[in-house]
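Take a look at the model below.

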Amino acid sequence: MGLLLLADSRLPAGGHGHSGGIEALVDRGLLRSTDDLHAVLPARVRTTAAVPAGAAAAACALATPPSRRQESHHQDTRRPDGGFPDTGQGWRRWDAAGSVRMAPAAALRDASRAQGAALLRTAGAAWPSPALDALRALRRPHHALVLGAAAAAAGATPAQAAALAVHHLIGGACTAAVRLLGLDPLAVGALAARAGRQAEPVAAGAADAALAAVAADDPALLPTDGNPLADVLAELHHRSEATLFAS
């Protein structure tokens, strides 16, 4: 049930205020129809989904209590020293890894941190946990880390956290396209379902990489996929004078 709530766009976590670059595409006439969205979604999944999916899976693994982790069928993700990031300092390296993967675009980092702060407030009230408490010490942690820690508190696995991150990436783009262009929501829903099926291997691969990174206590092993267009769109949107979405 907790995972379903985290996946629900009605959860007051601020995601509805971000388009993930869709508004910048629409403003420049690069996205005008359902057919255009059909081309954008698969490309977005292939090039940008692995990074948030991997970060969310890693955060979920790190935030899962040792007792529950040992009961699961997933790879043991304890670090060699047996410790877990129960303080803000412990999370800082993983948060920095997210910043590095968004390094070219300050606007992209700002949007991720804004969404992370919003989700942290909601998740902390809904699923109190030591991991979410520790993330508060970072003040504005990246969204994927908060999502993974919240998923762990809600009883999810790292693989489910990765899939949840991709779900938000696809869903946010589709919702923004409907609001900005008045597209047929049924047709867009069909596109989202198709993109979700195509994203399953991406989410699974990102989760595997995340578990390996956590086991090695090395955030550098997290996925590093990227697309310069995402950076460009974030900066263009940030410089626009009038926008409907925050990013």
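Predicted model: local features only at pLDDT ≥ 70, side-chain atom pairs only at ≥ 80, totals over all residues.

Start with Leu6. Set aside its neighbours within four places in sequence. Leu6 then contacts Leu11, Leu119, Trp127, Leu147, Ala150, Ala151, Ala154, Leu164 and His168.

Next come the helix pairs. Helix H10 spans residues 158-181, and helix H11 spans residues 185-215. Helix H4 covers residues 50-63. The table sets out how the axes meet.

| Pair | Axes come within | Crossing angle |
|---|---|---|
| H10 and H11 | 8 Å | roughly 150° |
| H4 and H10 | 7 Å | roughly 145° |

How do H10 and H11 run relative to each other, roughly parallel or roughly antiparallel? Angles over 145 degrees count as roughly antiparallel. The axes of H10 and H11 cross at roughly 150°, so these helices are roughly antiparallel to each other. Their crossing is right-handed.

Which residues make this contact? H10 supplies Pro158, Ala159, Ala162, Ala163, Val166, Ile170, Cys174 and Val178. H11 supplies Pro185, Val188, Ala192, Ala195, Gly196, Ala199, Ala203, Ala207 and Leu211. By class, the contact of H10 with H11 has 16 nonpolar residues, one polar and no charged.

Now turn to H4 and H10. H4 passes H10 in a right-handed crossing. On the H4 side, the contact uses Pro52, Ala53, Ala56, Ala57, Cys60 and Ala61. On the H10 side, it uses Pro158, Ala161, Ala162, Ala165, Val166 and Leu169. This contact of H4 with H10 has 12 nonpolar residues, with no polar and no charged ones.

Pro158, Ala162 and Val166 of H10 take part in the contact with H11. Pro158, Ala162 and Val166 also meet H4.

Finally, check the loops. Arg139 sits in the loop between helix H8 (130-135) and helix H9 (143-153). Its phi is near 70°, a positive value in a residue other than glycine. Is Arg139 buried or exposed? Residues over 50% relative accessible area count as exposed. Arg139 has 71% relative accessibility, so it counts as exposed.

Asp217 lies in the loop between H11 and helix H12 (228-239). Asp217 is not a glycine, yet its phi is positive, at about 55°. Its relative accessible area is 23%, so Asp217 is partly exposed.

Conventions: Residues numbered from 1 in each chain as written. Heavy atoms only, no water. Axes fitted to C-alpha atoms, helices over the stretch in contact; angles between N-to-C directions. Helix = DSSP H or I, 4+ residues; strand = E, 2+ residues; numbered from the N terminus. Parallel < 35°, antiparallel > 145°, perpendicular 65-115°, else oblique. Left-handed = near helix turned anticlockwise from the far one by under 90°. Contact = heavy atoms within 4.5 Å. Nonpolar A, V, L, I, M, F, W, Y, C, P; charged D, E, K, R; others polar. Buried < 20%, exposed > 50% of the residue type's maximum accessible area, 1.4 Å probe, protein only.
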